[in-house]
Amino acid sequence: MTSIDDLGTDRLRDHVAAQLTRSRARSAALTDAVDEHDLVRQHSKLMSPLVWDFAHIGNQEELWLVRDVGGREPVRSDIDELYDAFKHSRSSRPELPLLGPAEARRYVAEVRDKVFDVLETTRFEGRRLLDGGFAFGMIVQHEQQHDETMLATHQLRVGAPVLDAPPPPPGSPLPVSEVLVPGGYFTMGTSTEAWALDNERPAHQARTDPFFIDTAPVTNARYAAFIDAGGYTDERWWSEAGWAHVQQAKLVAPRFWERVGAEWYRDRFGVVAPVVPDEPVVHVSFHEAEAYAKWAGKRLPTEVEWEKAARFDPATGRSRRYPWGDEEPTELHANLGQRHLQPAPVGAYPAGASALGVHQLIGDVWEWTSSDFHGYTGFEVFPYAEYSQVFFGPEYKVLRGGSFGADPAAVRSTFRNWDYPIRRQIFAGFRCARDAEAAELS
Ligand SMILES: [Fe+2]
């Protein structure tokens, strides 16, 4: 498949059904992996109980696909309020009269039955919500995004490991550590990607100066060198907000790292093992990423620079859908979809490199950028302001590219994620960039 726009109605219906089934299999695996107690308890104040995420997935699906698209009677209108993410903070959700695990499973299954019914008769036309199956695509992405959130809850859960996956492919050293991205305009965002969300739209011309960007995310080895050099206790490398936070939160290393003797160990889904040197560092905040970059004599890329490094093809002047081209991600391109439970080492995906030779932009770790989250010029709310518009502003930093826990359905080179600059429970790392000096351009 090249793009959803090329599919006929029947094939689009099959594609939607397959995506819905795939996302539900993942949600089921994440919730079946633990017992009832682990489903209802709160593993961290930062996260909802897993059973809340699960029923919330079903509730959003009911609101948009059963009631709105299908025009059907509510399955359970009495619970809408409980699963409205804007009515109850994550930390308060355990106190709510939530559906128990068995009831939640019955509810999401009943909603899904009705959705397949609706899908049978839906014609993907007549309303913008239906163009290219957008409403279904939005719900697939919503479920996959909550699955990644549930995976982050698993990472915070204490107890014996319950998740398992094969290791990622081996890495290999890259020929160069950074590449020059030429200055000038390129096409950023999209107006044609059928399932792109409102904040990725519209396509527009964006300009950068020439800059260098790292060909790989910053590795554990490099990050450990920053720690060993006293990075966490040297105010010079930190912004004012970052320095205040690192002291107040007493940060000394990425989250889930612990020093045993001379070596760093990490706890990953309940498995404690030595940190692997050539894997991208993960579970660092924006502040830590920014401090590392300054220590390294570099800086974080802006969101515009990140997208240009990912999409711009200097041979044709056009922007690709993905770094490697226009075709959907396969397991040769990127580490996505929880296929592996960790970032892959640097150089593990040569087929996924961008036209400019930048590796592992998609998958492995979300990458912090230096940009605040804002709407592009021409932004229009669609289909609801709570999807992204209410988050626009300087409190949030943009992350790009998706992690090993992000599904291919919910990641593109135009996809934008955002979070608070202090967050570390998400699967976030970063790569560095720097301005090109005049002497380097001749
Ligand atoms: Fe949600």
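Helices (H or I, at least four residues) and strands (E, at least two) are DSSP runs, numbered from the N terminus. This is a predicted model: local features need pLDDT of at least 70, side-chain atom pairs count only at pLDDT 80 or more, and totals for chains, interfaces and linings use all residues. Residue numbers start from 1 along each chain as its sequence is written.

**View 1. Arg90 sits in a loop between helix H3 (50-69) and helix H4 (101-121).** UniProt (unreviewed entry) lists Arg90 under the feature "binding site", together with Ser91, Ser92, Arg93, Asp419 and Arg423. UniProt positions follow the numbering used here, feature names are shortened, and annotations may be inferred rather than shown by experiment. A residue is buried if 20 or more other C-beta atoms lie within 10 Å of its own, exposed if 12 or fewer, and partly exposed in between, with C-beta atoms placed from the backbone. Arg90 counts as partly exposed because it has 17 C-beta neighbours inside 10 Å. Two residues are in contact if their C-beta atoms, placed from the backbone, lie within 7 Å. Leaving aside neighbours within four places in sequence, Arg90 contacts Leu46, Met47 and Ser48.

**View 2. Arg423 occupies the loop between strand S10 (416-419) and strand S11 (428-429).** UniProt (unreviewed entry) includes Arg423 in the "binding site" feature too. Arg423 counts as buried because 21 C-beta neighbours lie inside 10 Å.

**View 3. The largest nonpolar core holds 96 residues.** A nonpolar core is a set of buried Ala, Val, Leu, Ile, Met, Phe, Trp, Tyr and Cys residues joined through C-beta atoms within 7 Å. Val51, Ala55, Leu65, Ala135, Ala289, Phe427 and Ala428 touch the most other members. H3 contributes the largest share of this core, 10 residues. The core lies between domain 1 (4-156) and domain 2 (165-442), because both give residues to it. Ala135 touches Trp64, Leu65, Val69, Leu129 and Leu130, not counting residues up to four places away in sequence.

**View 4. Glu290 lies in helix H8 (residues 286-295).** Glu290 is buried because 23 other C-beta atoms lie within 10 Å. Apart from neighbours within four places in sequence, Glu290 is in contact with Ser239, Gly242 and Leu300. Gly230 is 60 residues from Glu290 along the chain, and their C-alpha atoms are separated by 15 Å.

**View 5. Residues 19-150 carry the UniProt annotation "domain: DinB-like" (unreviewed entry).** Over this stretch the chain is 58% helix and 0% strand. The end C-alpha atoms of residues 19-150 are 18 Å apart. For context, the protein has 9 helices and 12 strands.

Note on methods:
Domains from an automatic or database assignment.
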